[in-house]
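This report describes the strand pairing, the nonpolar core and the confidence of one protein model. The sequence and structure come first.

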Amino acid sequence: MGKRRLALCAGVLAVTAFGPAACAAYAADGGDVSVVPAAPAPGADIALRVTGCDAREAVAQSPALVSDARLTPDDGDGLAGDGRVRSTLTAGTYTVTVACDGTEHKGTVEVVRKHTPAAGAEPSAHPSPVAPVNAGGGGAARVLADGRERHGPGAAQTVVALALAGTAALTVHRAARRQSRRGRGTG
């Protein structure tokens, strides 16, 4: 697939996936600063965007963010960047402020509580593998894990290798002998 096709498909996918969420986030915060997703959980990555800012760079600040987010020009008429929500936050609404050319742009991010299973509830699946994975070597990991390690070829492989080597040596010897007979007879 060509670079242009790939870029076009990625753009269509991004607009399809994030377009409605971005519109909802912008409408929800009521300001020039939008946050996607509009309601992240603690520890989540978010995308920030500010419109109405003519600067080449700006910084978004919020008590909800791990650190200040650097915003740079995007394809549209604004600045965009990424940030991460603090993993220790409690649920609530936090202000996001972007200082741009002496103007302060504001928005909000609503941090939601992470979903936790009810007390005593059993997980439906194991959180990690519980047995060795049959990867590489066609499942050789299980044989090696058993401790039955073999060193070198067995007797059958040795006999076959010697037979093949002998046949090859005999073939080379015969070919050399034929060559030397032809050389003597034409002299």
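## Strand pairing

In this predicted model, β3 and β4 are antiparallel partners, joined over 3 bridges. Within the pair, Leu71 of β4 has Ala58 opposite.

This pair belongs to an open sheet of 7 strands, which run across the sheet in the order β1-β2-β5-β4-β3-β6-β7. The pairing is antiparallel. From one strand to the next, the twist averages 25°. In general, strands of a sheet pair through backbone hydrogen bonds.

## Nonpolar core

The largest nonpolar core has 22 residues. Those that touch the most other members are Leu48, Val50, Ala60, Leu71, Val96 and Val98. Two or more core residues come from each of β1 (33-36), β2 (45-51), β3 (58-61), β4 (69-73), β6 (92-100) and β7 (103-111). The most, 4 residues, come from β6.

Leaving aside residues up to four places away in sequence, Val50 touches Asp32, Val33, Leu71, Gly78, Leu79, Val98 and His105. Two of these, Leu71 and Val98, are named above with Val50 among the core residues that touch the most other members.

## Confidence

The average pLDDT of the protein chain is 75, and 62% of the residues score at least 70. Residues 6-30 have a pLDDT below 50. In the model, this stretch makes 17 contacts beyond near neighbours in sequence.

Note on methods:
Residues numbered from 1 in each chain as written. Predicted model: local features only at pLDDT ≥ 70, side-chain atom pairs only at ≥ 80, totals over all residues. Heavy atoms only, no water. pLDDT = per-residue confidence, 0-100. Contact = heavy atoms within 4.5 Å. Core = buried A, V, L, I, M, F, W, Y, C linked by side-chain atoms within 4.5 Å. Buried < 20%, exposed > 50% of the residue type's maximum accessible area, 1.4 Å probe, protein only. Pairing = 2+ DSSP bridges. Axes fitted to C-alpha atoms, helices over the stretch in contact; angles between N-to-C directions.
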